[in-house]
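Welcome! Open your viewer, and let us walk through the inside of this protein together.

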Amino acid sequence: MGVSLLLLVLLVTIIYLFASIKIVRQGYHYTIEYFGRFTTTAQPGFNFYPAFLYRVGRKVNMMEQVLDIPGQEIITKDNAMISTDGVVFFQVLDAAKAAYEVNDLYNAILNLVTTNLRTVMGSMDLDETLSKRDEINARLLTVIDDATTPWGIKITRVEIKDIRPPQDIVNAMARQMKAEREKRANILDAEGARASEILRSEGEKQGQILQAEGRKESAFLDAEAREREAQAEAKATQMVSEAIASGNAQAINYFVAQDYVKAVEKFATSPNAKTILFPVEATQLIGTLGGIGALAKEALGDSHETFAPPKRKGPFDDQDK
């Protein structure tokens with residue numbers, strides 16, 4: 001009888017010891033209650049609390065969690081109806097507060113995000129809600145994090161997943177976008193045509209400037225050539241004048257022959273001249289050329305020999321013989 005009692009006591013003791021051991025998994029905190037009153041928080045690992053006196057109150061998940069926000073119908077500031085949904089990322093920092101400061105933590109966060117989402121997006125126009133998601137996320141994060149601080153949690157991120165305007169507004173926005181793109185295309189075409197016209201005008205202007213500079217340079221060179229020709233002609237005239245003044249009459253024949261040759265050259269180079277009629281006797285030209293030859297010989301120093309032009313034979317010379 002005594003052995004059976006001892007075995008019974010030993011069995012009860014073993015059961016009590018096992019009931020007093022609390023193994024907490026990593027990522028969780030257990031709240032320990034002493035006769036229903038919160039006492040401490042059991043950390044991950046091995047914990048021993050006497051059974052029947054202490055018990056586990058709440059098992060609190062300390063990892064970062066994601067709470068999905070269901071779709072909401074929201075009226076914007078400009079009276080446009082939109083549908084939106086999102087997600088909230090949060091983490092419990094104080095297990096005791098998360099367990100005892102709020103009843104049904106997940107439902108409380110869900111309702112808090114929903115109401116603030118309506119408040120924030122309802123104060124904005126439709127265009128702002130579609131283009132300023134980062135601003136909406138930042139405002140929601142600030143408001144919700146401040147509101148949940150007494151609950152011992154930290155809101156790490158709030159993200160709007162989707163914003164769905166009504167179909168008629170979507171169609172109107174598509175038409176507006178098309179019109180805006182067509183406007184930009186027309187502006188770009190006009191700017192391109194304007195730039196092309198400006199470049200063409202600049203090119204013509206530069207071309208005219210270069211042509212003017214070319215004409216100026218050409219006129220300058222022509223004037224310089226005429227000036228040098230005039231200087232040469234004046235020098236030649238001076239030399240001939242000096243020769244005439246010194247008694248050399250052959251210098252006069254030089255000018256006469258020069259003008260005569262030019263006149264005959266014009267007759268010969270005329271494109272309409274088939275037959276050339278000389279209005280003077282050919283002997284006059286030959287005599288003039290003889291005078292030029294004599295002048296050349298005198299210039300070379302051989303003044304003893306003179307050029308005698310051949311005598312023109314008349315039509316009755318042969319008969320006289």
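**Stop one: the cavity**

About 30 Å³ of space lies in the largest cavity (on a 1 Å grid over the protein atoms alone, a set of points where a 1.4 Å probe fits but cannot get out; the volume is the space filled by probe spheres set on the points). This is a predicted model, where local features need pLDDT of at least 70 and side-chain atom pairs count only at pLDDT 80 or more, while totals for chains, interfaces and linings use all residues. Residues are numbered from 1 along each chain, and side-chain values use heavy atoms, without hydrogens and water.

Now select the lining (residues with an atom within 4 Å of a point): Ile69, Gly86, Val87, Val88, Val113, Leu117, Leu140, Val158, Glu159 and Ile160. Strand 7 (81-92), helix 3 (105-122) and strand 8 (153-164) each give two or more residues to this lining. By type, the lining has 8 nonpolar residues, 1 polar and 1 charged.

**Stop two: the cores**

Next comes the largest nonpolar core, with 34 residues (buried Ala, Val, Leu, Ile, Met, Phe, Trp, Tyr and Cys joined through side-chain atoms within 4.5 Å; buried means under 20% relative accessible area with a 1.4 Å probe, protein chains only). Select Leu105, Ile109, Leu140, Trp151 and Ile153, which have the most contacts inside this core. Helix 3 supplies its largest share, 8 residues.

Zoom in on Leu105: leaving aside residues up to four places away in sequence, Leu105 touches Phe90, Val92, Ala98, Trp151 and Ile153 (heavy atoms within 4.5 Å).

Finally, select Val24, Tyr28, Ile32 and Tyr49, which are among the 6 residues of a second, separate core.

How values were computed: 1 Å grid on protein atoms, 1.4 Å probe; cavity = no way out; pocket = protein on both sides within 12 Å on 5 of 7 lines; lining within 4 Å. Helix = DSSP H or I, 4+ residues; strand = E, 2+ residues; numbered from the N terminus. Nonpolar A, V, L, I, M, F, W, Y, C, P; charged D, E, K, R; others polar. Buried < 20%, exposed > 50% of the residue type's maximum accessible area, 1.4 Å probe, protein only.
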